[in-house]
Amino acid sequence: MSDTRTVSPTRQDESASRLILQGRNLSIQLCVLVKTARIHDVGNVAFQGPLTSFIETVAQMWTAEGDFKLQAVGDFLYLNQHRLRVDASSYPSYQFLIDEFRIRDLSGFSFTGKLTPPEVKKFVRLFLDVDVKSATPYDDFALALGKLSVQHLVPIRTVVPQHGTVSVEEVRDSRKAAKRSFYRAIESARTVMLSARDHRPVDLRKAKRAVQSIVDLILEEEFSLLGLTAIKNHDEYTFQHCVNVSILSIAVGQRLGLSKKMLGELGVAALLHDLGKASIPPWVLNKPGKLTNEEWKLMLDHPVQGVKMIARMRGLNDLALRSMIVAYEHHINYDKSGYPQLEGHLDQSLFSRIVAIVDCFDAMTAHRAYRKSAFPPYAALHQIIAQNRDKFDPLLLKAFINTVGMYPAGTRSPS
Amino acid sequence: MATPSVPSKSAPAPQVGASPGSPEQKAERIRDQVLALDVKRVADWIGALVRTIKASRTYPANNPTLHKFQVELESRTWSCLKEVGDITLIVQQFDLLYENYSVYHNADRNESLAFRFYGDGVREITFREGLEPHELRAFMDVLKRASESAQVQDDVVTLLWERDFRHIEYQFIPLEELTEESGQVPYAGSSADEVEGGGIPWPSRGLVDEEPPPGPAGGKVPERSDDWVPSVEMTPTWDASLGVQFALSDEENAALETAIRDEERRALESEVLEIVATILAAEDTPAGFLDSASAFQRFIEHAIEEGAIGRANELLARLRSIAAARSQDQAEFQGIAEQVIREIGRPSFLGQMAPTLNAHSEIDPGVMTNFLIQLGPSAAPAVCDLLGQVNHMKYRRALCEALAVSCRNDVEVLIEHLGDTRWYVIRNIVYVLGRIAHQGVERALDRALHHEDVRVRKEAVRALGNIESPTARAYLVSAFRDTDAGVRIQAAMTLALKRDDRAAQSILSLIQGQDFTRRDSNERAAFFEALGRCGSDSLVPRLEVMLTKGGLFRSGGNEEERLHAALALAWLGTPSAIGILNREIGSKRDFVRKAVETALASVRSAGMGRAEGSRAEDQE
């Protein structure tokens, strides 16, 4: 039955957004359900909460949309024809479902009605019991669902890939690893910044692990990750910017021949370079208009705040010390024209000089509320070289250009 | 990586002597026997590893016993790798499996090597043939540091990564999955509004940027509020005429290499300290000053943790001097600095530094005393705690010296610690109370005077001797009745140091008491000596009678008493006392003459041996 109603574009957008939001919730809840069932029996009280949420979400969606499908296509999940947009907190759940579907030869499921608790319990049990080493995991699963009368969750088989897809798979694996590290890094940047802001104990282990995997990936093959830095998501700007600066700094460091340990320290220091911004209210950071003197004072103080925040963390090892130096110096500028301008400070460290260049480049290429449009990457480079070169170490500037190229990732082809 | 679900088995028993069967069965048996030997070798090697880890926690780095463990581990490692080849261990919660056999099991979460790996997400670890000595040492260091991870932001995985081992490989799961395994499901609570803003797709050529959020109405480009301010309008196209050469020349590459070497050698801590000091000196609000001073505090605490007490001392002085300079325009800064310094002396921090002090014998005790004095009276409870934990005597003495200064005006904390259960702590506290010699602590010292340990009682006697008050004297006299002769003698000698008639009178009263004669000869001699040391000429006639009692051929009394009287006169040393001794040294009565000679010799030798005696006592 086709819908013959006329829907205005705005209402259509609203409807799609709502559906995407519900799809996100559904996917995360499904992920939680499966993971919980791996730990506890489906009869366990721990399973009850996720079960109820999942059934309620399906009921709401089915009432609003009728039958709908949740499917994995490539690296993404789709709800009907809408791609579920990935962010740092949903990424692990989406990836989990995509992987679980894939090993069962499943593309996803059709939801053909409201679900009951026994039905979902049977479904989850069967889903986990599928022998993924079997030659026909999809058939086994579908047959078992039929036998146990699970009617409203209908599996969809994966379309058999074409010949010659092995290399595509390999590329996808490398991209997947890059994306996984990227999202983990964003998540860790978020955790660190929010913990520091709220004066909660900061656990750097997650950030260190994320940076270490970035280093490993860059040492293996830098392009996957460098490509990701070209994506600008203004809602996660602060965290993503930190990760971008970390990735690009590591790439420059690798080009310079830094040791693996030094790359790790550079990566974490770069990740924390703007930690002091956690002390600035978001409305100041994202203020579209001109800043007042007081607001500027806050902005100019973020390097000092960064030092204080890192000093509060446990352990004053080399990593923390380097991070403090970078947090303090990354706006001082090579010609010392920047800030903070406190007496008696010596030259910028090598790490600070690297981070300063990368920080400027990434900030210029990002969409911000106070700027009509972002600099295209090549224009940002041009701007840095032509107008601001005295602010940066000339040798490192060259090394940076050698790393990202004259036309960095994200540069559009001339049309 | 998924958690390996390998069932653990106990080691296979070598089937020596099994009846021969088919060639396949034979081969199977031989394989089993070889495997059993390998499993045993690996288990033995892990045993050596665990023993060395334990030893490294117990002994300082240069300890010979630890060295023995390390040597044994090294030899076992090389022989095991040689015999077995690459060793791959599957990590389970409390077990390490080799070829599916458990080669290590310990279910104590605090001690278990398996749990140390497992808890941090390591699921498999492989030691390759060719493992080098420095790698083994580094691996041991990783395990040691990982166990201290509460202090540093590391775990086994991050530490192994940093070492970049060539012959050790490991597989681990991410921290998020680790949380899931422990039963907490992350992301379940993600709020719906987090979805706003959408996701990040994989970039592709001709990438389409997301639309920026709406700017302010009016059309004019607003000024940046972020930290990188473009000074010109953006250039729409690349200007190739810029002619910038981006290739690095050989000289430039060499300059960068030098910069990298400089970066590796950077004196990070002193540099950061300068930054923090600069920030501190520039603070203009009390809240900011407190914040920066707290950062400074971290460096002082770090120096203490490292055993660098001298550096901590300098930093403390620097913090005070910055506060003093700033207090000219901001009076409360001085108070804030003192507040921060008091915080360093908190028992939960300073009281825990005993292991550091025990591991560093090179610290100058004078510097340590000075540092603790700088921390002030608020550190006294922590310092008292340390007294019971520090092994080096020179440090205990330094702690006592610091307490004697810090608690000069407030002895309450010391008195509280007299209730400690450890005799040696009480003795030290009593010593400090004696150094302070406050009137009003006598009652507390009297408690120590009745302590079960004689060393504490002796120290209490010494401490009371330092206090000039009738109460202190009364307690000292009460110690004449102590059950231990040593304490009684100590009390007499201490009282004798007062060198006045009241002291002499107290001693004389005891000597004249009925039970004095029942006391040990040495003790009686000591009391006469004490009497001589503090008495005056008023005693001379009485002592003369005791010395010369009896006729020409008849001793007429107790020879020991005669000797003691001579001794007392000798110690008295006044002209009239010496006059009597000079006269009696020529006495025709042998027993009198001998008594005088013995007494004078005794005083002479005591004069020479006194210094050594007191030194030996201090060493006790």
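Q: Two strands count as paired if DSSP finds at least two bridges between them; in what order do the five strands of the open sheet in chain A stand?
A: In this predicted model, the five strands of chain A form an open sheet in the order 3-2-1-4-5, with antiparallel pairing. Strand 3 (82–83) and strand 5 of chain A stand at the edges, each with a single partner strand, so one side of each has no neighbour in the sheet.

Q: What makes strand 4 of chain A a paired neighbour of strand 1 and of strand 5?
A: The requirement is at least two bridges; strand 1 (residues 68–73) and strand 4 of chain A share four bridges in the antiparallel sense, while strand 4 and strand 5 (residues 153–157) of chain A share five, also antiparallel. Within this arrangement A:Phe109 of strand 4 stands opposite A:Leu70 and has A:Pro155 of strand 5 as a bridge partner, whereas the partner of A:Phe111 in strand 5 is A:Leu153.

Q: Why is strand 4 of chain A called mostly covered?
A: A residue is buried under 20% relative accessible area, and six of the six residues of strand 4 (residues 106–111) of chain A are buried.

Q: How do you know that the charge of A:Arg104 sits over the ring of A:Phe127?
A: The distance part of the criterion asks for CZ of Arg within 6 Å of the ring centre, and the charged end of A:Arg104 is 3.9 Å from the centre of the A:Phe127 ring, over which it sits. A:Arg322 likewise lies over the face of A:Phe351, at 5.1 Å from the ring centre.

Q: What makes the pair of B:Phe139 and B:Phe165 stacked, tilted or edge-to-face?
A: Over all chains, the structure holds 22 aromatic pairs. The ring centres of B:Phe139 and B:Phe165 are 6.5 Å apart and their planes stand at 65 degrees, so the pair is edge-to-face, the threshold for that label being over 60 degrees. B:Phe139 belongs to helix 4 of chain B and B:Phe165 to the loop between helix 5 and strand 5 of chain B, so the pair ties together parts that are 26 residues apart in sequence. B:Phe139 and B:Phe165 are both buried.

Q: How do you know that B:Asp155 caps the N-terminal end of helix 5 of chain B?
A: A polar contact needs N or O atoms within 3.5 Å, and a side-chain oxygen of B:Asp155 lies 3.0 Å from the backbone nitrogen of B:Val157. Helix 5 (residues 156–163) of chain B is itself mostly covered, with seven of its eight residues buried, among them B:Trp161. These buried residues pack against several elements, including helix 7 (205–220) and helix 10 (260–271) of chain A. After the helix comes B:Asp164, whose phi is positive, near 50 degrees.

Notes: Residues are numbered from 1 along each chain as its sequence is written. Chains are lettered from A and ligands numbered from 1 in the order in which they are written. This is a predicted model: local features need pLDDT of at least 70, side-chain atom pairs count only at pLDDT 80 or more; totals for chains, interfaces and linings use all residues. Side-chain values use heavy atoms; hydrogens and water are left out. Buried means under 20% relative accessible area, exposed over 50%, partly exposed in between (1.4 Å probe, protein chains only). Helices (H or I, at least four residues) and strands (E, at least two) are DSSP runs, numbered from the N terminus. Contact means heavy atoms within 4.5 Å. A polar contact is a pair of N or O atoms within 3.5 Å; within protein, one must be able to donate a hydrogen and the other to accept it, and residues adjacent in sequence count only if both atoms are side-chain atoms. Rings of Phe, Tyr and Trp (its six-membered ring) pair if their centres lie within 6.5 Å; planes under 30 degrees apart count as stacked, over 60 as edge-to-face and the rest as tilted. A charge sits over a ring if NZ of Lys or CZ of Arg is within 6 Å of the ring centre and within 35 degrees of the ring normal.
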